[in-house]
Amino acid sequence: MPKTIPLIATSLSLPFLLFTPPALAAVLPAMPPSINIHAGPLGQVQVGGLFAFAGRAQSNVYPGASGPAGKTFSAAVSDALISISKDTGTWQFYLEGGAYNFYVVGQPPSSTGNIINATFGPLPLAYIQYTPSKNFNIQIGKLPAIPGITPLTALISDSYGIEFGLTGAQQQTVTRGIQANYTLGPVAASLAWTDGPYSNRYNWAVGQIAYSVSKASTVITQAGGNLGRTGYSTSAASSYLNNSDFYLLGYNYSGNRWNVFGYLQYQKLLATRRGGRSHGDQYGASIDANYAFTPHYSLSTRVDYIAYSDQAAVANPNNGMGYGPGSRAVSLTLSPIYQYKHWFAEGDLSYVHVYHYQTGDVFGQNGTAPNQFVAMVNVGFLL
């Protein structure tokens with residue numbers, strides 16, 4: 001299931017964590033400030049917004065698909081989101097609601113309405129935060145997920161472009177549960193108990209440690225998994241993802257002009273936890289770089305790789321994963337981005353090539369084309 005959200009901004013800046021995670025998306029050099037409003041007993045609250053419209057052209061449409069996935073040309077409202085937040089005091093909160101869409105390289109697009117109904121609803125993020133000290137807080141509600149690098153957070157995405165990479169469909173985006181965050185010098189740690197990929201079964205334990213080697217460089221480690229069993233599939237994830245173990249090692253560099261993020265990802269995939277037997281493995285790698293030519297214009301490039309073990313049950317497009325048992329895929333994406341004050345325009349040119357695929361599980365009307373080109377334009381403004 002495609003699970004990334006094409007929002008853009010200056011950095012991944014979780015509004016109520018008292019540490020600053022790596023600047024995974026320093027794409028737009030000047031995010032306009034939120035609107036500050038005095039809300040009576042709540043004190044100062046911040047209001048933000050993002051509104052964007054996307055057009056898409058693709059070669060080799062998806063076999064047997066209807067809607068945008070079966071069309072060469074399509075268009076949609078990609079984002080119409082409003083956030084309301086309070087980031088001071090002992091008790092804080094964050095709400096984000098509206099319309100959104102997901103785009104992932106090598107995954108079929110869908111209409112905005114279908115995405116909202118099939119995933120997180122019109123209020124994708126809603127949580128409160130208890131902040132007893134300057135270096136510790138606890139959050140509870142609908143949270144940005146730890147596993148992976150595709151959180152929907154504060155109207156901000158950690159992608160340098162419109163589409164997320166090949167591994168985006170295997171990463172979590174929004175999860176429900178409770179999370180604790182703690183900082184000590186250059187170390188920032190988070191630990192959460194959640195429902196994983198939005199399964200409504202609270203049996204996932206996940207954690208992250210980020211170590212700032214320098215002001216510009218940060219190393220990230222993530223690990224998590226289902227400690228029970230989730231014996232059913234949801235529209236947000238197959239049973240294999242619901243019951244998986246997840247590991248990620250990443251490095252981020254954030255400079256004046258260059259911003260680079262790379263990671264290695266591994267998942268042990270199981271249909272259920274019964275018997276403890278692995279049903280397959282997924283391996284992924286990505287490197288994403290952005291260079292700012294001027295305060296208004298930047299260019300990004302990303303290279304992705306994903307591979308599946310040859311167990312027949314796992315790499316199946318019906319599960320939102322892979323192109324058949326033992327399938328491999330590589331992709332290249334170029335993303336020019338322009339911003340002037342509150343307005344922005346971004347483009348994506350992506351190419352994906354699949355090999356070791358199963359006939360009928362790739363692109364084209366008959367599912368036999370091993371490659372796909374996609375061109376996208378996303379235009380909008382930030383409040």
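I started by counting elements: 2 helices and 17 strands in this protein. I took helices (H or I, at least four residues) and strands (E, at least two) as DSSP runs, numbered from the N terminus. This is a predicted model, so I kept to its rules: local features need pLDDT of at least 70, side-chain atom pairs count only at pLDDT 80 or more, and totals for chains, interfaces and linings use all residues. Residues are numbered from 1 along each chain as its sequence is written, and side-chain values use heavy atoms, with hydrogens and water left out.

**Overall numbers**

I looked up burial next. Of the 383 residues, 55% count as buried. Buried means under 20% relative accessible area, exposed over 50%, and partly exposed in between (1.4 Å probe, protein chains only). The protein exposes about 15,000 Å², and carbon and sulfur atoms supply 63% of that. Those areas come from the Shrake-Rupley method with a 1.4 Å probe; for residues, only the protein chains shown count as cover.

I also checked contacts (heavy atoms within 4.5 Å). Among contacts with a separation of 6 or more, 60% come from residues 24 or more positions apart.

**Cores**

Which of its 19 residues touch the most other members? I found Leu166, Tyr323, Ala329, Val352, Val354 and Phe363. Helix α2 (239-242) and strands β14 (297-308) and β16 (343-355) each supply at least two residues of this core. A second, separate core has 13 residues, including Tyr94, Tyr100, Ile116 and Leu125.

Leaving out residues up to four places away in sequence, Tyr323 touches Gly106, Leu166, Ala315, Ala329, Val354, Tyr357, Gln358, Asp361, Val362 and Phe363.

**Salt bridges**

Side chains of opposite charge can pair when their charged atoms come close. My cut-off was a side-chain nitrogen of Lys or Arg within 4 Å of a carboxyl oxygen of Asp or Glu. By that rule I got 3 salt bridges.

- Glu163 pairs with Arg56, with the closest N and O atoms 3.8 Å apart. Glu163 sits in the loop between β6 (136-144) and β7 (174-184) and Arg56 in strand β2 (residues 44-58), so the pair ties together parts 107 residues apart in sequence. Both Glu163 and Arg56 are buried.
- Arg176 meets Asp195 at 2.9 Å, N to O. This pair links distant parts of the chain, 19 residues apart: Arg176 is in β7, and Asp195 is in the loop between β8 (187-194) and β9 (204-212). Arg176 counts as buried at 18% relative accessibility, and Asp195 is buried at 0%.
- Arg302 pairs with Asp304 at 2.8 Å between the closest N and O atoms. Both Arg302 and Asp304 are buried.

Last, I followed β15 (residues 328-340). In a regular strand the side chains alternate between the two faces of the sheet. Which residues form the covered face of β15? I listed Ala329, Ser331, Thr333, Ser335, Ile337 and Gln339. The uncovered face has Arg328, Val330, Leu332, Leu334, Pro336, Tyr338 and Tyr340.

For pairing, I needed DSSP to find at least two bridges between two strands. β14 and β15 run antiparallel and are joined by 11 bridges; β15 and β16 also pair in the antiparallel sense over 11 bridges. Tyr338 in β15 is the bridge partner of Tyr297, and Tyr338 stands opposite Ala345 in β16. The hairpin of β15 and β16 has 2 residues between the strands, and there Lys341 takes a positive phi near 55 degrees.

Technical notes: A nonpolar core is a set of buried Ala, Val, Leu, Ile, Met, Phe, Trp, Tyr and Cys residues joined through side-chain atoms within 4.5 Å.
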